[in-house]
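Dear colleague,

Please find below the structure that I am handing over to you. My findings follow directly after it.

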Amino acid sequence: MVDDVGPGSIGRGLPLEGADLTVTSKEFTEQLILGAIMGIAFQAAGADVLDRTGIQGSIGAREAVKSGDADGMYEYTGTAWITYQGNSEPIDDPWEQWEAVRKADLGNGLTWLAPASLNNTYALAMNQADFKKYGTKTLSDVAALSKSDPGAVTLCVEGEFANRADGLPGMEKAYGMSVPAKNITQMDTGIIYTQVKKGSCTYGEVFTTDGRIKSMNLVVMADDRKFFPNYNAAPAINSEALKKWPAIAEVLDPVTRKLDNTVARELNAKVDVDGQDPHQVALDWMEKEGFVKEK
């Protein structure tokens, strides 16, 4: 990363001067923005930063941090708890969920710093025309519709959601829903929103922090049985790197505290709706919030 930034409200005294740090992320929009935010924060505090954001899938980026090939990323508590740590039941309280994940991952060479209120969990959404037609407001309503009119419930989902325990299989089980395979179409995440808007499928898998929900005027189904875990974003840092550079925590904490769903939707929309570059969106936000200053 070659951003010409210095300390604003973070990084004063350049506590990371002399550090060579690598940041990583998964490949979707929010992750690219969060990875850039972390890297920009490190730069402002004096570190030289290598950008390894945009790794495909969930596991690759995490493994990079675990092995020390990367030093940190923003990860989601629910993903760690269910997908990596193998639990089947989410913890309802977001802070307790983070604490459980943090404890479990200390043995994996990862240290979780304080979480954001940003909670990027799964949901199903539909367009306004289908909402007027079917009137479903909750996932229980969708389950009831799948029984009374099986052909009405068609789903657009991504491959990972279709197969994850905290995705479609678990949701169907929790709500007593059985959607036949012919009614489920797998596609890339970005296409789902446009397909739902067009009505190609009645319901699409969405993320609650995605800016396209508002821009496309989609209706999100409430998870009335609280099946989906809390997916609060938090910095997951390689423990050895944190031991060597403990100032990483003080640099990131104020930034993480500012990240909520409203901020996430706004930043994500700048990329997915307005076509802006994720790194530039991150940099603009960091400057606007006063975290960093251009030199």
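Two bridges connect strand 7 (residues 155-157) with strand 9, and these strands run parallel. Within this pairing, leucine 155 has tyrosine 203 of strand 9 as its bridge partner. Strands here are DSSP runs (E, at least two residues), numbered from the N terminus, and two strands pair if DSSP finds at least two bridges between them.

The structure is a predicted model, in which local features need pLDDT of at least 70 and side-chain atom pairs count only at pLDDT 80 or more, while totals for chains, interfaces and linings use all residues. Residues are numbered from 1 along each chain as its sequence is written, and side-chain values use heavy atoms, with hydrogens and water left out.

Strand 9 also pairs with strand 6 (residues 122-126), in the antiparallel sense and over four bridges. There, alanine 125 is opposite glycine 204 of strand 9.

Strand 9 spans residues 203-207, and five of its five residues are buried (under 20% relative accessible area, 1.4 Å probe, protein chains only; exposed is over 50%, partly exposed in between). In a regular strand, side chains alternate between the two faces of the sheet. In strand 9 both faces are covered, with Tyr203, Glu205 and Phe207 on one side and Gly204 and Val206 on the other.

Two loop residues other than glycine have a positive phi. Leucine 14, with phi near 50°, belongs to the loop between strand 1 (5-7) and strand 2 (20-26); its relative accessible area is 31%, so leucine 14 is partly exposed. Lysine 226, also with phi near 50°, lies between strand 10 (219-220) and strand 11 (233-238), and counts as exposed because its relative accessibility is 59%.

With kind regards
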